Amino acid sequence: MRAMAGSERTGGCGIGQAALTVEEARERLRAEVGPVTTRERLALRAALDRVLAEEVRSPIDVPSHTNSAVDGYALHGDDLPGAGRISLRCVGSARAGSPLDRPVARGECARIMTGAPLPPGVDTVVMQEHVERAGDRVTIGDGHRGGENVRAAGEDLARGQTVLEAGRRLQPADLGLLASIGRAEVGVYRRPRVAFFSTGDELRSIGEPLGPGLIYDSNRYTLHGMLTRLGAEVIDLGVVRDTREAVREALAEAAAGADAILTSGGVSVGEADYVKEALDALGRVSFWQIAMKPGRPLAFGRIGDVPFFGLPGNPVSVMVTFYQFVEPALRQIAGERGIDWRRAGFRVPCASRLKKRAGRTEYQRGVLTYADDGTLTVRATGHQGSGMLRSMSVANCFIVLPAESGDVEPGTPVEVQPFHGIV
Ligand SMILES: Nc1nc2c(c(=O)[nH]1)N[C@H]1C(S)=C(S)[C@@H](COP(=O)(O)OP(=O)(O)OC[C@H]3O[C@@H](n4cnc5c(N)ncnc54)[C@H](O)[C@@H]3O)O[C@H]1N2
Ligand code: MOO
């Protein structure tokens, strides 16, 4: 089940028409794709990387009790000496899981361990490294502050507070957060099913002999990797021969069982292009030119209500168009909200001289490293041809050069989008 956002505005520029800017293409996609609506309930561990389909509120305070942040002595803040020292009588001990069941009066203190509930009356904990103990007497000097080293009940999550919003892709910390409120299961959206195939008579699958002019279908594996990382259920339709029947059959099969369809190749102006013909027959599809490099041609539309993305065949173009457009769109289809369509990056000085013609956004492949002086810099991976898949393998970031930019001189700050985050 899928809800379609926006109207049937798949219109755009065909080949020969003005190119869309990256921002325009992004906006169109954002308006066009809607989320899957089918939900399922999963045990917490199984929900990692899945998209939450419900708002989760906390039924309890976390922590459930005011407790100590350190091992030390719990006391009244008013007993702390402004100057000099004070001696308090230690009247008992509180551990995490076994609270002290008697109040602590002025002039008294209690031994307390990290995580133990604060005994009634006291409001301050002094670290044990800062006291002297002799028998039941504890001596404390000055320099302490009333209320120090105390964690308030509910300071992480208050009862009734929203813990996680619907549309959140669950990260390890989120699983822990849900566990901290005692949630065993959560409602998530079904994983989106994404069908894809490669087109091109020059393509051979691994294991087949390579005749003259033939190449192995590498996009199939790159796409498999990118889709799997994204948590999609991958429907791999392999290499589809460039015949009218084969392409129609593959598209119809894909549309019947998928939430999105991806193809690679056959979106430029070449011959033997049955993809376009089949798409026209089965659905509504626009061929876009985007003012970007690599990845200028991109087809987008729908077959029935299933969004279709026709990626250019060049292996680097597949990856760039996937990460800049398809991945955020698939996140939206998966039910995620608050998607970083723009892919926030940061600016660092570029160590290489970059060739760039003004007029389109370029996504060059870069390597972010620390220079000898400890500053972060980026250099280009070298030859930037869109058939050079190795450039993606060697790189750890995109260098994003805006449409208006010309050549980049060494030392100039450029925007980078790192390939990997920490969490
Ligand atoms: N006259 C023009 N020619 C081209 C233009 C143009 O605007 N005018 N654009 C160029 C750009 S940019 C790109 S990108 C490609 C896109 O063309 P297609 O999407 O039609 O892709 P193909 O021609 O089928 O293939 C391009 C290239 O990639 C190789 N390829 C294709 N599929 C795979 C695969 N699954 N695994 C590995 N390699 C693959 C294919 O052999 C070609 O070398 O068009 C330019 N031309
Ligand atoms: O746009 Mo093509 O994708 O540059 O290689």
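Predicted model: local features only at pLDDT ≥ 70, side-chain atom pairs only at ≥ 80, totals over all residues.
Local features require pLDDT of at least 70 and side-chain atom pairs count only at pLDDT 80 or more, while totals for chains, interfaces and linings use all residues. Residues are numbered from 1 along each chain as its sequence is written, and chains are lettered from A and ligands numbered from 1 in the order in which they are written.

The protein is divided into domain 1 (22-38 + 190-333), domain 2 (42-59 + 160-189), domain 3 (67-151) and domain 4 (346-418); such bounds come from an automatic or database domain assignment. Between the C-alpha centres of domain 1 and domain 3 there is a separation of 65 Å.

Two packed helices are described by the angle between their axes and the distance between the axes. Helices (H or I, at least four residues) and strands (E, at least two) are DSSP runs, numbered from the N terminus. Axes are lines fitted to C-alpha atoms, for helices over the stretch in contact, with angles running from 0 to 180 degrees between N-to-C directions. Helix H3 (219-229) and helix H6 (315-333) have axes that come within 10 Å and cross at roughly 20°. H3 is therefore roughly parallel to H6, given that angles under 35 degrees count as roughly parallel, over 145 as roughly antiparallel, 65 to 115 as roughly perpendicular and the rest as oblique. The crossing of H3 and H6 is right-handed; a crossing has this hand if the near helix is turned clockwise from the far one by less than a right angle, and is left-handed if anticlockwise. Asn 219, Thr 222, Leu 223 and Met 226 of H3 meet Pro 315, Val 318, Met 319 and Phe 322 of H6, where residues are in contact if their C-beta atoms, placed from the backbone, lie within 7 Å. This contact of H3 with H6 comprises 6 nonpolar, 2 polar and no charged residues; Ala, Val, Leu, Ile, Met, Phe, Trp, Tyr, Cys and Pro count as nonpolar, Asp, Glu, Lys and Arg as charged, and the others, Gly among them, as polar.

Helix H1 (residues 22-32) also packs with H6, their axes coming within 10 Å and crossing at roughly 20°. H1 is thus roughly parallel to H6, and the crossing is right-handed. Val 22, Ala 25, Arg 26 and Leu 29 of H1 make the contact with Gln 324, Phe 325 and Ala 329 of H6. Its composition is 5 nonpolar, 1 polar and 1 charged residues.

The axes of helix H4 (residues 244-257) and helix H5 (residues 274-282) come within 9 Å and cross at roughly 50°. H4 is therefore oblique to H5, and H4 passes H5 in a right-handed crossing. From H4, the contact involves Arg 244, Val 247, Arg 248, Leu 251, Ala 252 and Ala 255, and from H5 it involves Tyr 274, Val 275, Glu 277, Ala 278, Leu 279, Ala 281 and Leu 282. These residues divide into 10 nonpolar, no polar and 3 charged.

Ligand 1 is surrounded by 26 residues, of which the closest are Asn 219, Gly 265, Ser 268, Pro 312 and Gly 313; a residue is near a molecule if its C-beta atom, placed from the backbone, lies within 6 Å of it. Helices H3 and H6 are the elements that give two or more residues to this shell. The shell around ligand 1 has 8 nonpolar, 14 polar and 4 charged residues. Around ligand 2 lie Lys 293, Pro 294, Gly 295, Arg 296, Pro 312, Asn 314, Ser 317 and Ser 386, a set with 2 nonpolar, 4 polar and 2 charged residues.

Most residues other than glycine have a negative phi, and most peptide bonds are trans. Lys 293 and Pro 294 are joined by a cis peptide bond with omega of about -5°, and Pro 294 is found in the loop between strand S19 (292-293) and strand S20 (297-303). A cis peptide bond with omega of about -5° also joins Val 62 and Pro 63. Asn 149, although not a glycine, has a positive phi of about 60°.

Conventions: Contact = placed C-beta atoms within 7 Å.
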